[in-house]
Amino acid sequence: MRLVGALTRYHLELLVRSHAWLPPFLAFALLMVIGVQPGDPLLGGLGFGAGVLVPVSAWYVRAALNAEPPASRACLVAAAGAPRVHLGALLAALTAGLLLAAGEVAALWGLSGAVANAGAGHAPGVGEALTAGLATSVVCVLAGVLAGALGNRPVLLRSPYGILATLGLSAGALVLPGSPANAAVRDLVTAARTGLVAAPWAELLLALALLGLLGAAVAALAGRRPE
């Protein structure tokens, strides 16, 4: 685990030094500016921001996997093993997504107006709204990282197919009824109308389990399938 942690820090440094973190961040910021206005209800803004985190987190996976030059990556794979290197890249993308999620919740807290929509049957507290919003954002980050892991190498080796697959998987995570991200965002948007807030703990556990199982399988596949 210590080696995986070092590889995660290494991939994070690559993201920062190569500026590969910047395009997903700018895309996220632009969508947030378009979709959320100062003074909007907090819960609605949190629901929108969480949904945007799915494709952005998937983008961070692609950025982390491609930030390193092929020759350098080959040396790293020879030294640490392809599964650990791939897992480090996935964890780096997950870390970037979680940092963005925390910043999103904090920014919306400062910019939003009322907690729920006007006419909501209940008046939820800010604390429970922020808890539900942060948990929903984490669910969406996990779903996005999973979409990125399944839509890129070593599952799909050709870049154009990987881009389309990542977009399709991200969209599916948001619209398919059985998806944890879909359920969490839907509950948050419903809470904005009704004022009844509940943190998506079950969806969070499911998203963690799915990413843990499938992420480990993809990392294992990286050690068996040449790029």
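Trainee: How many aromatic pairs does a search of the whole structure find?

Mentor: The search finds 1 aromatic pair, where rings of Phe, Tyr and Trp (its six-membered ring) pair if their centres lie within 6.5 Å. Trp 21 and Phe 25 form that pair, 5.8 Å centre to centre with 55° between the planes. That makes the pair tilted; planes under 30 degrees apart count as stacked, over 60 as edge-to-face and the rest as tilted.

Mentor: Keep in mind that this is a predicted model, where local features need pLDDT of at least 70, side-chain atom pairs count only at pLDDT 80 or more, and totals for chains, interfaces and linings use all residues. Residues are numbered from 1 along each chain as its sequence is written, and side-chain values use heavy atoms, with hydrogens and water left out.

Trainee: Switching topic, which residue forms a salt bridge with Glu 13?

Mentor: Arg 17, with the closest N and O atoms 3.7 Å apart. The rule is a side-chain nitrogen of Lys or Arg within 4 Å of a carboxyl oxygen of Asp or Glu.

Trainee: And how exposed is Arg 17?

Mentor: Arg 17 is exposed, at 55%, while Glu 13 is partly exposed, at 42%.

Methods. Buried means under 20% relative accessible area, exposed over 50%, partly exposed in between (1.4 Å probe, protein chains only).
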